[in-house]
Each structure stands twice: as C-alpha cells, then as structure tokens.
Amino acid sequence: MELWHGDEMNVGRGAARLLCVALPAAFLGVFFVYPVISIIGLGLGGDGLSRLLALPGSGTFRGVAWFTLWQAAVSTLLTVAAAMPGAHLVARRRFRARRLVRALTTVPFVLPTVVVGGAFMAVFDRFGLDGGPVRLTHTVWAVLLAHVFFNLAVVLRTVGAFWEGLDPGPEEQARVLGASPWQTFRMVTLPRLWPAIAAAASIVFLFCFTSFGVILILGGPTRATLETEIWRHAVFRGDLASATALAVVQLVAVLAMVVVANAMQRRRAVGEVPVRRVLPRASGRLLAGNLGLMAVVLGLPIAVLVERSLTTGRGADAAWSVRNYAALADRVDLLPISALAALRNSLLFAVVATGLAVLVGGLASLVVVHGRRATSRLFDLGLMLPLGASAVTVGFGMLIALDGPPLDFRSSRWLVPVAHALIGVPFVMRTVVPTLRSIDHRLREAAAVLGASPARVRRDVDLPIAARALAVGGAFAFAVSLGEFGATSFLPRHPDRLTAPLALFRLLGTPGEALRGQAMALSVVLMVLTAASVLAIEGWGRRGAVRGDL
C-alpha cells in the first residue's frame with residue numbers, strides 16, 4: 001500500500017509539473033508565437049516581400065519612420081528631465097505623504113491611452129489651443145506632453161528606487177571639498193545614477209515608440225507612426241500586404257529595443273549594494289517646488305478632464321451638471337450599444353482576462369523559480385515578450401493568424417479577454433517570481449522536518465506568501481485589460497462586444513458638444529476604476545507584497 005501510494009504521488013507530481021509547463025507554453029505558442037510568425041511569413045513572402053523591399057524608397061514611409069523615432073526620443077528626454085526632481089524627492093527626502101505621492105504618480109502609467117488622449121484633448125480645448133494656423137505645432141506638443149504624463153512613473157520609480165539605495169558618502173565628501181550642489185550632482189551623483197537612468201530611458205523610449213492610442217487621438221492623420229499606419233492600412237484600407245510589411249519593420253525595431261532595454265536592466269542590477277538609512281526631512285521649499293511640478297504635469301490634465309466632464313454647454317451657456325454621466329446609459333447612433341453597456345463589457349472582459357493571466361502567470365512563475373535551468377530561462381524570456389512587443393502587432397497577428405481551422409477564434413467571445421490576458425501575464429510574473437524567490441528556504445526545511453510533505457509545504461508555506469503577489473499582479477492585469485485599446489482595435493467588432501476604450505475613441509473622434517461631453521464622462525469613469533486598482537496595489541504592497549519598480 002505504501003509503495004502504491006508513493007507511485008500515486010509521483011504520478012501526481014509529474015502531472016502537476018506537466019500542467020505547469022504545458023498550459024503556459026500552449027497559451028504563449030497559440031496566441032503570441034504563432035501570430036507573430038504568421039506576420040513574418042506574410043511579410044517575407046509573395047507581395048509582402050516586394051512591399052517590404054520597397055519601403056526604404058517611399059517618402060511617406062521615411063516620414064513616418066522619422067516621426068516615430070523623433071517623437072520617441074524627444075518624449076524620453078522630456079520625461080527624464082521632468083521626473084528627476086521627483087525621483088530625488090522620494091529617494092532622498094522624508095515627508096508625510098511620501099507613500100501617497102508614490103502611489104498617485106503611478107496612476108497615469110496604467111490609465112487607458114484613450115483616456116490620456118482625451119485628457120490632453122480637453123486641456124488644449126480648455127485653453128483654446130485646438131485650432132488656428134499653428135494647430136500642427138500644438139498637435140506635436142500634445143503628443144509629447146501626453147507621453148511625459150504617461151511615462152513619468154517609469155523614471156520616477158526606477159531611478160528613485162536605485163537612488164534611494166546609493167551611499168550618500170561620496171556626495172558628502174564632495175561637498176566638504178567645496179563642490180557646489182550642482183557640481184556634486186553633475187560630477188558625483190549623475191555618473192552613479194546613469195545605469196538606472198539609462199534603463200528607465202530605454203523602457204520609456206520603447207513605450208513611446210510603440211505608442212498607439214495617444215498618437216491616434218492627438219496626432220490625427222497628419223502625425224502618423226508605424227503603429228498607427230499599420231492600423232490604418234489593415235483596418236481602414238484593407239491593404240494587408242502593406243500593413244504586414246510595416247509590422248515586420250516594427251517587430252524588428254521592437255525586438256532590437258527589447259534587447260537594449262534588457263541589457264540596460266542588467267547593468268542596473270549590477271549596481272552598488274543598497275544602503276538603508278534614516279532620510280532627512282524635505283524642506284518646505286523643496287517639497288512645494290516638486291509637488292507643484294507634479295501637480296502641473298500630472299494633475300492639470302486630470303483636473304481639466306473632470307471639469308469638462310461636469311460641464312454642459314459653451315461660453316455663456318456653460319453650466320455644471322452630471323448630465324454627461326447620465327447620458328452614458330443612452331444609446332447614440334454612433335455606437336451600436338450605450339457607453340454604459342460598453343463599460344460593462346470591459347469590466348466582464350477584464351475579470352476573465354485577470355483570471356486567465358493569474359492562472360497562466362502563476363503556473364509559469366512556478367516553472368521559472370522551481371523548474372530546470374533551461375526551461376526556467378525560456379519561460380522567463382518567452383512570457384515576458386508580450387510586454388515588450390507592440391499591442392498593435394499582437395492584435396494584427398491574431399487578426400491574420402486565427403481566422404481558419406484548426407485555430408478559428410476570430411468569432412469567439414474569448415478572443416478579446418485572451419488578448420488582454422496575454423498582455424497581463426508579464427505583470428503577474430513580475431510580481432510573483434520575485435516573491436517566490438524571496439521565500440526563506442529555512443521555512444520549507446522546518447515544515448519538512450515537522451513531517452509536511454512537499455505538496456503540503458507548497459500549500460501551507462509557498463501559497464499564502466505568493467497569494468498576495470498574485471493579487472497585486474492580478475490588479476495590474478485588471479487595470480491593463482480595462483484600458484487596452486491597441487490589440488482590441490484589430491479584433492473583429494461584434495456590436496454586442498464593444499469595449500469602453502473603443503467606444504471612447506469613437507466619441508472623441510466625432511464632432512458635437514454632447515458626444516464630447518459623454519467622452520469626457522466615460523474617460524473619468526475609466527480613470528477612477530484604474531486608479532482604484534493602483535491604490536489597491538499600493539495598499540497590498542504596504543502589507544508586504546513584493547513588487548518590481550512599477
């Protein structure tokens with residue numbers, strides 16, 4: 001009986017290991033690897049290859065490629081410059097609302113891109129900057145400032161976390177030797193911070209390079225990037241050959257940037273040993289200046305968005321009311337269902353996507369931490385790729401790959417949450433893997449000495465500790481799914497499956513004061529839901545969750 005029981009346990013463990021490996025591998029293979037390979041195959045074969053080879057000679061392509069690179073580079077420089085004072089504040093100074101400031105600066109990062117676009121559209125409309133002969137200049141500035149708003153948290157938290165662990169001794173010695181504060185920063189602090197700054201800048205550049213919703217809403221037809229051109233060729237013009245050629249270029253560029261970003265992240269990881277100490281209190285002037293800058297950069301667009309959502313009418317007829325919010329329940333001719341019904345769809349899809357992301361990401365995390373070395377590295381890299389890849393590339397790949405037997409998912413209701421879960425899995429793994437690795441092996445050994453089986457050790461020791469990280473990763477996946485726009489914009493548009501970001505995009509792109517008011521109200525609702533997810537994440541983090549920089 002004991003031998004049979006042991007064989008039974010071995011079979012159970014083998015089945016569990018197989019499930020942990022097979023399910024995430026199948027999920028990644030079917031919904032990411034196969035669609036990406038399909039894009040490459042179409043782009044390098046037949047008409048796609050001729051279109052691809054003709055791209056360098058196209059003036060339109062060169063203009064689009066130049067603007068894609070230019071806006072990403074300038075947005076990155078502006079983001080780093082705007083975030084450095086805040087990074088210094090949260091890293092080197094102590095003040096009462098430090099945790100709250102850190103949480104609030106993270107909110108814009110998870111806001112839906114269409115909400116960010118709507119917020120800056122409201123700002124430029126509020127101050128009369130949405131028309132006139134210099135509209136193109138305002139369009140460019142709107143794109144750049146929206147990217148700063150969206151990515152500020154990446155630099156602030158990445159550089160701030162690194163800066164907080166640096167030993168202040170070298171700076172103090174430089175000051176004793178007569179160096180001014182600026183000289184000390186330029187000659188001592190900045191070289192030591194450079195690995196973290198470079199890592200954060202590479203991530204911001206990648207996000208700006210692959211920006212879709214912000215460019216589509218604020219740039220309009222005159223300011224196109226590779227992302228928006230792929231979408232226009234595939235969705236509006238039906239020119240899949242040109243869209244595929246552009247997608248191959250985009251994919252190669254993104255993979256190159258992912259390699260650079262990973263190299264920068266490794267350089268940052270080889271930094272100095274963190275030094276923990278009591279931080280000095282922030283002076284009133286330093287605190288007021290930094291919080292004032294954050295209020296302008298991050299708070300003004302949100303405040304104007306809320307104000308516009310509560311305003312009806314124009315000029316002398318303008319009045320405060322909640323009419324725009326009440327109108328969300330009414331169906332307009334522009335949408336097949338009401339905005340409120342679209343919001344319900346987004347919430348339902350987000351719940352399903354979160355469940356899938358937690359399941360796949362949790363199993364993959366076990367493989368990364370406890371699996372064999374080769375399998376661990378393969379899973380760690382493979383399931384993080386969707387985070388670096390363009391959402392447009394993922395959506396377009398699904399559009400062209402999953403449209404026939406044996407993988408005909410285009411008409412399935414599951415396709416939207418699956419696409420969202422694919423993007424959410426890396427967020428789950430980013431929280432769960434470090435948590436599993438941080439569990440003290442002595443806890444497991446003590447449980448084993450007391451007679452606990454390996455399965456019971458995992459259930460009673462590992463699972464309670466990992467559950468909080470799973471909740472944090474799930475909250476991130478929920479926020480990402482709720483606002484996902486890039487991949488969803490390519491998937492088949494069944495009238496009863498319209499999501500809130502797609503409804504918001506249609507409302508923002510249509511003239512009319514009433515429709516614009518509904519768009520602003522829907523933007524605020526989406527913003528509140530995603531902000532609640534972030535604040536919940538921060539609350540769990542204070543109670544012991546192990547998270548990454550974001």
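User: How many salt bridges does the count come to?
Analyst: The structure is a predicted model. A salt bridge requires a side-chain nitrogen of Lys or Arg within 4 Å of a carboxyl oxygen of Asp or Glu. By this rule, the count is two salt bridges.

User: Which residue meets R192 in a salt bridge, and in which helix does that residue lie?
Analyst: The side chain of R192, a residue of helix 8, meets that of E171 at 2.9 Å, N to O. Both R192 and E171 are buried. The two are 21 residues apart, and the pair links distant parts of the chain. The partner is therefore E171, and its place is helix 7 (residues 169-176).

User: Why are E229 and R232 separated by about one helical turn?
Analyst: E229 and R232 form a salt bridge, with their closest N and O atoms 3.5 Å apart. E229 and R232 are both buried. They are separated by about one helical turn because they stand three residues apart in helix 10.

User: How many aromatic pairs does a search of the whole structure find?
Analyst: A pair of aromatic rings is described by the distance of the centres and the angle of the planes. Rings of Phe, Tyr and Trp pair if their centres lie within 6.5 Å. The search of the whole structure gives 13 aromatic pairs.

User: Is the pair of W163 and F185 stacked, tilted or edge-to-face?
Analyst: The ring centres of W163 and F185 are 6.2 Å apart, and their planes form an angle of 35°. Planes under 30 degrees apart count as stacked and those over 60 as edge-to-face, so the rest are tilted. The pair of W163 and F185 is tilted.

User: How many residues apart in sequence are the parts that W163 and F185 tie together?
Analyst: W163 belongs to helix 6 (residues 135-164), whereas F185 belongs to helix 8 (residues 181-209). W163 is buried at a relative accessible area of 5%, while F185 is partly exposed at 22%.

User: What is the angle between the planes of W231 and F505, and how many residues apart are the parts they tie together?
Analyst: The centres of these two rings are 5.9 Å apart and the pair is edge-to-face, with 85° between the planes of W231 and F505. W231 lies in helix 10 (residues 226-236) and F505 in helix 21 (residues 500-508), so the parts tied together are 274 residues apart in sequence.

User: Is W231 buried or exposed, and which residues form one aromatic cluster with W231?
Analyst: The relative accessibility of W231 is 3%. Buried means under 20% relative accessible area, so W231 counts as buried. The members of its aromatic cluster, besides W231, are F212, F485 and F505.

User: How much space lies in the largest cavity, and which residues are the closest to its centre?
Analyst: The structure contains five cavities of 30 Å³ or more. About 640 Å³ of space lies in the largest cavity. Helices that each supply at least two residues of its lining include helix 6, helix 8 and helix 18 (415-438). Of the 32 lining residues, the closest to its centre are T113, F150, F207, A391 and I423.

User: Which residues form a nonpolar patch on the surface with L44?
Analyst: L44 lies in the loop between helix 1 (2-43) and helix 2 (47-54). L44 is partly exposed, with a relative accessible area of 46%. The patch has about 350 Å² of accessible area in total, and the residues that form it with L44 are I40, L49 and L53.

How values were computed
Residues are numbered from 1 along each chain as its sequence is written. This is a predicted model: local features need pLDDT of at least 70, side-chain atom pairs count only at pLDDT 80 or more; totals for chains, interfaces and linings use all residues. Side-chain values use heavy atoms; hydrogens and water are left out. Patches are made of residues with over 30% relative accessible area and no salt bridge: like charges are joined within 9 Å, nonpolar side chains (Val, Leu, Ile, Met, Phe, Trp, Tyr) within 5 Å. Accessible areas come from the Shrake-Rupley method with a 1.4 Å probe; for residues, only the protein chains shown count as cover. Helices (H or I, at least four residues) and strands (E, at least two) are DSSP runs, numbered from the N terminus. Buried means under 20% relative accessible area, exposed over 50%, partly exposed in between (1.4 Å probe, protein chains only). Rings of Phe, Tyr and Trp (its six-membered ring) pair if their centres lie within 6.5 Å; planes under 30 degrees apart count as stacked, over 60 as edge-to-face and the rest as tilted. On a 1 Å grid over the protein atoms alone, a cavity is a set of points where a 1.4 Å probe fits but cannot get out, and a pocket is an open set with protein on both sides within 12 Å along at least five of seven lines; lining residues have an atom within 4 Å of a point. Grid points are joined across faces, edges and corners, and a volume is the space filled by probe spheres set on the points.
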